[in-house]
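Reader: I would like a close look at one part of this model, the place where the two chains meet. Please give the cut-offs as you go.

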Protein chains: 2
Amino acid sequence: MEFGIQFFPDVGPAQKSAEIYWQECLHLTGLCDELGLTHVRTVEHYFHAYGGYSTNPLIFLAAASQRTQKARLITGAILPVFNHPLKVAGEIGMMDAISGGRLEVGFARAFLPHEFRRFGRSMDESRARFDEGMEQIRRLLEEEHVTMHGQFHSFEDVTSLPRPVQKPRPPFWIAASSTPASYEIAGRLGHWLMTIPRTPQQIGEWMGIYRDAWRKAGHPGQGRVMIAFHMFCAPTHEEAVAKAREHVNAYYHTLADAAADWGAGARSKDYPNHPQMIEGLRNTSFEKQVENGAAFVGSPDEVIEQITRFDKAVGGFEDASLQVNFNTIDARTAEASMRLFAEKVMPHIDKAAVNAAAG
Amino acid sequence: MEFGIQFFPDVGPAQKSAEIYWQECLHLTGLCDELGLTHVRTVEHYFHAYGGYSTNPLIFLAAASQRTQKARLITGAILPVFNHPLKVAGEIGMMDAISGGRLEVGFARAFLPHEFRRFGRSMDESRARFDEGMEQIRRLLEEEHVTMHGQFHSFEDVTSLPRPVQKPRPPFWIAASSTPASYEIAGRLGHWLMTIPRTPQQIGEWMGIYRDAWRKAGHPGQGRVMIAFHMFCAPTHEEAVAKAREHVNAYYHTLADAAADWGAGARSKDYPNHPQMIEGLRNTSFEKQVENGAAFVGSPDEVIEQITRFDKAVGGFEDASLQVNFNTIDARTAEASMRLFAEKVMPHIDKAAVNAAAG
């Protein structure tokens with residue numbers, strides 16, 4: 001298993017300015033090479049404390065590329081529905097150049113009704129826009145003369161610049177949450193999978209769909225799965241809980257607020273399970289998240305046990321993407337947690353066992 | 001007068017990879033604080049060696065922000081016609097945060113028919129899309145609850161995040177080339193002006209339109225004008241010419257190729273003077289550019305004389321934005337030129353006289 005860090009801002013101007021938030025993220029990014037953290041990831045969201053400080057993940061990742069020489073830089077994720085494919089392809093090429101070929105590109109469908117409403121997009125076009133957008137971006141990166149006539153975007157004889165450093169293009173990740181079809185598509189297309197934990201049983205089932213589709217399509221190996229977790233490590237259980245509990249709860253409170261339209265009756269054929277999923281997240285808590293393995297919080301020994309248990313329950317996964325400064329956790333506090341994690345947890349995660357499980 | 005550097009890639013994969021190009025630009029950016037260069041600037045273009053390595057200037061500027069602590073980071077320029085205002089406003093807020101409030105935002109209308117064609121935009125909508133886009137972005141940055149119903153984009157009750165560090169927003173520059181109305185609009189709206197040199201007489205006339213409009217609108221002072229130049233300084237005239245000549249010519253050759261549609265009959269009511277302007281650039285040469293003061297090339301004494309002469313001829317201007325690694329000039333060669341310029345030229349540009357001329 002590899003570990004990286006994910007920055008998912010869930011603060012607004014009343015809690016922490018974007019200037020302080022991003023400067024703290026850059027400081028923490030600067031620890032990655034020393035601590036053996038192998039990726040840095042951030043999101044795309046808008047207009048709300050839930051992610052809204054990160055409107056274009058590539059802008060932060062470009063800055064982050066200057067604070068780490070080794071870590072992969074991962075969008076988690078770009079939203080084709082709100083972006084022009086010609087623009088995104090060009091930005092990916094530029095960022096792959098600036099980072100010396102360290103970019104990996106996660107794509108997601110988006111899921112917050114308020115973002116669709118403000119961009120004037122129908123949620124019922126979510127799947128169609130995602131599929132078309134990602135395919136257009138893929139071809140713009142892989143091919144040198146591209147003509148495509150789509151339902152949403154068309155263009156003729158385009159050579160997207162810059163040509164990517166990585167050939168044929170940076171790896172793609174597909175973000176899936178509660179729509180099983182997304183797992184199947186990711187596997188079939190041979191892309192890697194990024195998801196968020198619910199119960200290990202649920203995640204394990206969906207990962208099975210992904211790995212099966214991967215193998216059925218004839219791709220070598222079984223794909224690659226990244227799961228995002230809250231992580232807070234302290235010398236004692238009590239200290240970890242005391243420092244992390246309110247911030248985990250605040251994170252889910254912010255998410256529930258951003259997604260409130262689902263509770264207020266928003267429905268879309270493209271999101272059959274989202275009302276139920278959001279209702280579940282609205283009723284979650286720090287205790288439930290730790291119990292389900294969605295938050296790694298505790299002493300080093302506890303965190304080792306939490307990671308190992310989750311990994312076994314889902315049949316092994318490749319990348320853990322750790323939220324280390326969620327909500328208003330400051331950089332110094334997050335750094336102490338990260339350093340303890342790197343020193344006392346990471347060496348004890350049994351890489352051989354995990355690799356065996358992952359085949 | 002202040003000096004900064006501008007990266008305007010005019011190479012394609014056959015000349016230099018984007019990876020090498022941008023790594024060299026980052027190295028040169030790292031010299032700014034030491035050499036007293038006060039800005040770093042880059043462009044937005046697509047699909048062609050003329051600028052196409054820089055599809056989103058904010059991505060490079062984000063990386064550049066980590067290589068200089070002092071320099072202002074300037075888009076030169078963002079093209080509203082190819083971007084969604086909600087997206088651009090969010091990116092500006094993010095970049096202003098990451099750079100600690102050092103962002104300045106130049107906007108331009110774009111002028112290459114091939115870019116309009118591939119994005120499916122009419123050149124006859126250029127002015128309308130520019131005016132609407134910039135106004136929407138301005139309000140999204142300055143106000144916290146914005147509803148706008150435009151000809152091209154509409155949105156309701158939007159709070160753009162992140163809120164800018166600079167209040168009410170980062171300074172705006174308007175890029176103008178050969179359309180006198182653009183100079184008048186920039187001055188009237190109280191934005192700063194970025195342009196490219198033709199003859200000093202022509203530039204002086206258009207700057208007069210800008211400064212007059214600025215004063216008539218009641219803005220304090222007389223505005224701020226940035227002019228872009230090719231710059232190459234070497235110990236002797238012969239060495240400077242030998243090292244810069246072919247690269248200046250290649251730059252204009254690349255531009256002429258990118259703009260070839262104008263020569264092939266492209267016409268638009270929004271670009272009345274562009275066919276003539278492009279024809280002029282197609283017939284230009286290194287010698288004409290140096291003669292007109294559009295390229296500062298020579299020994300330190302010659303460059304001092306070229307800058308002083310140009311400055312006086314146009315009545316004084318505030319920022320010179322220097323292209324230092326145009327075409328295939330490598331980083332080591334550009335660095336030697338920049339160091340000589342900083343040591344032997346900059347101290348001898350008479351700041352007092354220029355400031356007096358600028359009123």
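Author: What follows starts with the interface and then turns to some packing within the chains.

This is a predicted model; local features need pLDDT of at least 70, side-chain atom pairs count only at pLDDT 80 or more, and totals for chains, interfaces and linings use all residues. Residues are numbered from 1 along each chain as its sequence is written, with chains lettered from A and ligands numbered from 1 in the order in which they are written.

Now the interface. Chain B gives 41 residues to the contact and chain A gives 42. Two residues are in contact if their C-beta atoms, placed from the backbone, lie within 7 Å. On the side of chain B that touches chain A, the elements giving two or more residues are α1 (18-29), α3 (57-64), α4 (85-98), α5 (113-119) and β6 (154-158) of chain B. Helices (H or I, at least four residues) and strands (E, at least two) are DSSP runs, numbered from the N terminus. The largest share of that side, 9 residues, comes from α4(B). By class, the side of chain B divides into 23 nonpolar, 12 polar and 6 charged residues. Here Ala, Val, Leu, Ile, Met, Phe, Trp, Tyr, Cys and Pro count as nonpolar, Asp, Glu, Lys and Arg as charged, and the others, Gly among them, as polar. 100% of the interface residues of chain B are also interface residues in chain A, so the copies meet through the same surface.

One helix pair spans the two chains. α1(A), residues 18-29, packs on α4(B) at about 65 degrees, with the axes 8 Å apart. Axes are lines fitted to C-alpha atoms, for helices over the stretch in contact, and angles run from 0 to 180 degrees between N-to-C directions. From α1(A) come Ala18(A), Glu19(A) and Trp22(A); they meet Gly93(B), Met94(B), Ala97(B) and Ile98(B) of α4(B). That contact has 5 nonpolar, 1 polar and 1 charged residues.

Next, a pair within chain A. The axes of α3(A), residues 57-64, and α4(A), residues 85-98, come within 10 Å and cross at roughly 10 degrees. α3(A) and α4(A) are therefore roughly parallel to each other (under 35 degrees; over 145 is roughly antiparallel, 65 to 115 roughly perpendicular and the rest oblique). Leu58(A), Leu61(A) and Ala62(A) of α3(A) make the contact with Glu91(A), Met95(A) and Ile98(A) of α4(A). Its residues divide into 5 nonpolar, no polar and 1 charged.

Last, a pair within chain B. α7(B), residues 180-189, and α8(B), residues 200-216, pack at about 30 degrees, with axes 7 Å apart. α7(B) and α8(B) are therefore also roughly parallel to each other. α7(B) passes α8(B) in a right-handed crossing.

Terms used
Left-handed = near helix turned anticlockwise from the far one by under 90°.
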